[in-house]
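Please open the structure in a viewer and keep the selection panel at hand.

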Amino acid sequence: MIFDTNVLIYLSKYSLSTERILTKSTAISIITKIEVLGFRFQNNDEHNLLLDICDGIKTIPLTDLIARETIKLRQNYRIKLPDAIIYATALVEDLPLLTNNIKDFQFIQRRVELINPFDL
């Protein structure tokens with residue numbers, strides 16, 4: 001399953017259990033890693049926890065295929081670039097997308113399974 005950036009934020013704030021959410025089959029898009037680690041944290045412990053999480057799960061790079069799918073999404077829908085990359089990553093990898101922002105993606109025709117982390 002691919003994590004949206006908000007899932008990592010919830011993990012860093014202990015709103016979600018790492019034991020329940022993190023598995024061997026979880027992954028993030030490179031854009032998620034950039035978004036979450038590029039944030040200027042006031043709390044070093046939170047940043048270090050996110051760094052440990054990102055280092056411990058698979059990061060999927062931005063490939064030409066993901067870029068092409070991102071372009072199609074941007075051409076057909078009003079979607080922010082980071083969200084389009086994350087969705088395209090899940091689409092190309094044929095994995096569900098774990099996100100608390102279901103509404104940001106539910107209008108897209110090419111379906112990726114959307115899962116709310118608080119429903120697990």
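This is a predicted model: local features need pLDDT of at least 70, side-chain atom pairs count only at pLDDT 80 or more; totals for chains, interfaces and linings use all residues.

**First stop: helix α1**

Select T5: with a relative accessible area of 12%, this residue is buried, since buried means under 20%. T5 lies in helix α1, which spans residues 5–12. Display its surroundings next: leaving out residues up to four places away in sequence, T5 touches T32, E35, V36 and I86.

Now move along the helix to S12, which is also found in α1. S12 is buried, its relative accessible area being 5%. Which residues is S12 in contact with, leaving aside its neighbours within four places in sequence? They are E46, L49 and L50.

T32 is placed in helix α3 and is buried, with a relative accessible area of 0%. Apart from neighbours within four places in sequence, T32 is in contact with F3, D4, T5, L8 and I86.

Select helix α3 (residues 30–37) together with α6; the latter covers residues 81–93. At what angle do these two helices pack? The angle is about 140°, and the axes are 8 Å apart. This makes α3 oblique to α6, because only angles over 145 degrees would count as roughly antiparallel. To see the contact itself, show I31, T32 and E35 of α3 with P82, I85 and I86 of α6. Colouring by class gives 4 nonpolar, 1 polar and 1 charged residues in this contact.

In soluble globular proteins, nonpolar side chains tend to be buried together. The largest nonpolar core here has 20 residues; select I2, L73, I79, Y87, L97, F105 and I108, the members that touch the most others. Helices α5 (64–76) and α6 each supply at least two residues of this core. Which helix gives the most to this core? It is α6, with 7 residues.

Centre the view on L73. Not counting residues up to four places away in sequence, L73 touches I79, A84, Y87, A88 and I108. Apart from this core lies another, of 16 residues; select F3, L16, V36 and F41, which are among them.

The structure holds 4 aromatic pairs. A pair of aromatic rings is described by the distance of the centres and the angle of the planes. Select Y87 and F105: their ring centres are 5.6 Å apart and their planes meet at 15°, so the pair is stacked. The two residues are 18 positions apart and link distant parts of the chain, Y87 being in helix α6 and F105 in the loop between β4 (97–98) and β5 (114–115). Are these two residues buried or exposed? Both Y87 and F105 are buried.

T99 is buried, at a relative accessible area of 0%. Leaving aside neighbours within four places in sequence, its contacts are D4, N6, V7, F105, I115, N116 and P117. For I115, draw a C-alpha to C-alpha distance: T99 and I115 lie 6.1 Å apart in space and 16 residues apart in sequence.

**Last stop: two positive phi values**

Most residues other than glycine have a negative phi. Select Y14, in the loop between α1 and α2 (18–21): its phi is near 60°, a positive value in a residue other than glycine. At 66% relative accessibility, Y14 counts as exposed.

Finish at D94, in the loop between α6 and β4. D94 is not a glycine, yet it has a positive phi of about 55°. Is D94 buried or exposed? D94 is exposed, with a relative accessible area of 67%.

How values were computed. Residues are numbered from 1 along each chain as its sequence is written. Side-chain values use heavy atoms; hydrogens and water are left out. A nonpolar core is a set of buried Ala, Val, Leu, Ile, Met, Phe, Trp, Tyr and Cys residues joined through side-chain atoms within 4.5 Å. Buried means under 20% relative accessible area, exposed over 50%, partly exposed in between (1.4 Å probe, protein chains only). Helices (H or I, at least four residues) and strands (E, at least two) are DSSP runs, numbered from the N terminus. Contact means heavy atoms within 4.5 Å. Axes are lines fitted to C-alpha atoms, for helices over the stretch in contact, and angles run from 0 to 180 degrees between N-to-C directions. Angles under 35 degrees count as roughly parallel, over 145 as roughly antiparallel, 65 to 115 as roughly perpendicular and the rest as oblique. Ala, Val, Leu, Ile, Met, Phe, Trp, Tyr, Cys and Pro count as nonpolar, Asp, Glu, Lys and Arg as charged, and the others, Gly among them, as polar. Rings of Phe, Tyr and Trp (its six-membered ring) pair if their centres lie within 6.5 Å; planes under 30 degrees apart count as stacked, over 60 as edge-to-face and the rest as tilted.
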